[in-house]
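Thanks for coming. Please have a look at it first.

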Amino acid sequence: MFTGLVETIGILRQRAGSPVARAFIECSLGPLELGESISVNGACLTVDRIRPTGFECDMSSETLDRTTLGALAVGARVHLERAMKLGGRMGGHMVLGHVDGIGRVSERAPSGDATRLVVEADGGLAPYLADKGSVAIDGVSLTINRVTDQGQGRSSRVVFEVMLVPHTLGRTNLGDLRPGQAVNLEVDVLARYVARQLSIASGARATSSSEEAPGWGGEVAENDEHHHHESRDERLLAKLRSGGFL
């Protein structure tokens with residue numbers, strides 16, 4: 001698990017092979033351990049060979065298909081973060097290194113010493129993005145300022161806005177992003193689990209409703225079950241709000 005706080009910037013020096021690509025990343029992360037996990041632009045990769053100036057890792061077909069790593073030019077700069085130590089400080093938010101989708105920068109504009117960045121992504125990520133929630137962009141933990149849903153169905157899109165403060169601009173590559181560029185996105189794992197639980201609860205209500213026999217007795221049971229699930233969902237949402245997750 002990672003925190004979304006970039007430790008250093010590495011350089012992609014080599015990448016070759018298919019369907020699994022072998023990559024060499026030059027970096028100065030300090031002593032590395034064989035088999036340890038490193039977040040590379042938000043994607044969790046395993047150190048397979050240690051070199052004096054960096055490390056080698058394998059990029060699976062899934063990684064190449066679902067992230068921007070397969071399209072990066074050799075020589076590109078990448079964000080690097082080692083896995084968080086147990087008991088360490090959680091400076092950002094819980095980041096797993098499992099990229100959920102690729103977004104594209106649609107707008108950037110200065111805002112005092114900071115930069116406002118607007119990213120557009122597939123509408124399937126919309127349920128997991130919320131105002132003041134967290135998102136990882138190329139492995140960097142950021143707070144969402146605003147979310148806007150656009151369209152419906154398969155063609156739906158979600159647009160969200162983040163603010164890049166001077167520290168982030170100085171420690172990451174995000175300040176170099178321009179409209180049209182692709183970025184790796186990972187939604188907050190807590191939002192992912194909440195959405196899953198609500199989906200299961202909704203399905204259970206639908207199944208319970210369809211199995212009820214017609215008549216007054218069935219209606220009473222259906223109403224009782226509906227209120228039971230509503231109460232449980234409300235308690236879950238209340239806990240998340242009190243903890244600052246919603």
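Let me start with C27: its sulfur lies 9.8 Å from the closest cysteine sulfur, the one in C57, and that is too far for a bond. A disulfide here is a pair of cysteine sulfur atoms within 2.5 Å, and the structure holds 0 of them.

Before going on, a word on the source. This is a predicted model, in which local features need pLDDT of at least 70 and side-chain atom pairs count only at pLDDT 80 or more, while totals for chains, interfaces and linings use all residues. Residues are numbered from 1 along each chain as its sequence is written, and side-chain values use heavy atoms, with hydrogens and water left out.

The cut-offs are under 20% relative accessible area for buried, over 50% for exposed, and partly exposed in between, with a 1.4 Å probe and protein chains only.

S39 stands opposite C44 in strand 4. Strand 3, residues 37–40, pairs with strand 4 in the antiparallel sense over 4 bridges. Strands are DSSP runs of E, at least two residues long, numbered from the N terminus, and two of them pair if DSSP finds at least two bridges between them. The open sheet has 7 strands in the order 4-3-7-1-2-6-5, with antiparallel pairing. Its edge strands are strand 4 (43–46) and strand 5 (49–51), each of which pairs on one side only. From one strand to the next, the twist averages 40°.

Next, the barrel. It is closed, has 6 strands and runs 8-9-12-11-10-13, again with antiparallel pairing. Neighbouring strands of this sheet are turned by 45° against each other on average, direction ignored. The axes behind such angles are lines fitted to C-alpha atoms.

Strand 10 (residues 134–137) is joined by 4 bridges to strand 11 (residues 140–150), and the two run antiparallel. Across that pairing, S134 stands opposite T143, and I137 has V140 as its bridge partner. The hairpin of these strands has 2 residues between them, and D138 takes a positive phi near 50° there. Strand 10 also pairs with strand 13 in the antiparallel sense, over 3 bridges, with V135 opposite V187.

In a regular strand the side chains alternate between the two faces of the sheet. In strand 10, S134 and A136 point one way and V135 and I137 the other, and all are buried.

Last, which residues line the largest cavity? They are G42, V95, V99, A136, G139, N184, L185 and E186. A cavity is a set of points on a 1 Å grid over the protein atoms alone where a 1.4 Å probe fits but cannot get out, and lining residues have an atom within 4 Å of a point.

Methods:
Axes are lines fitted to C-alpha atoms, for helices over the stretch in contact, and angles run from 0 to 180 degrees between N-to-C directions. On a 1 Å grid over the protein atoms alone, a cavity is a set of points where a 1.4 Å probe fits but cannot get out, and a pocket is an open set with protein on both sides within 12 Å along at least five of seven lines; lining residues have an atom within 4 Å of a point.
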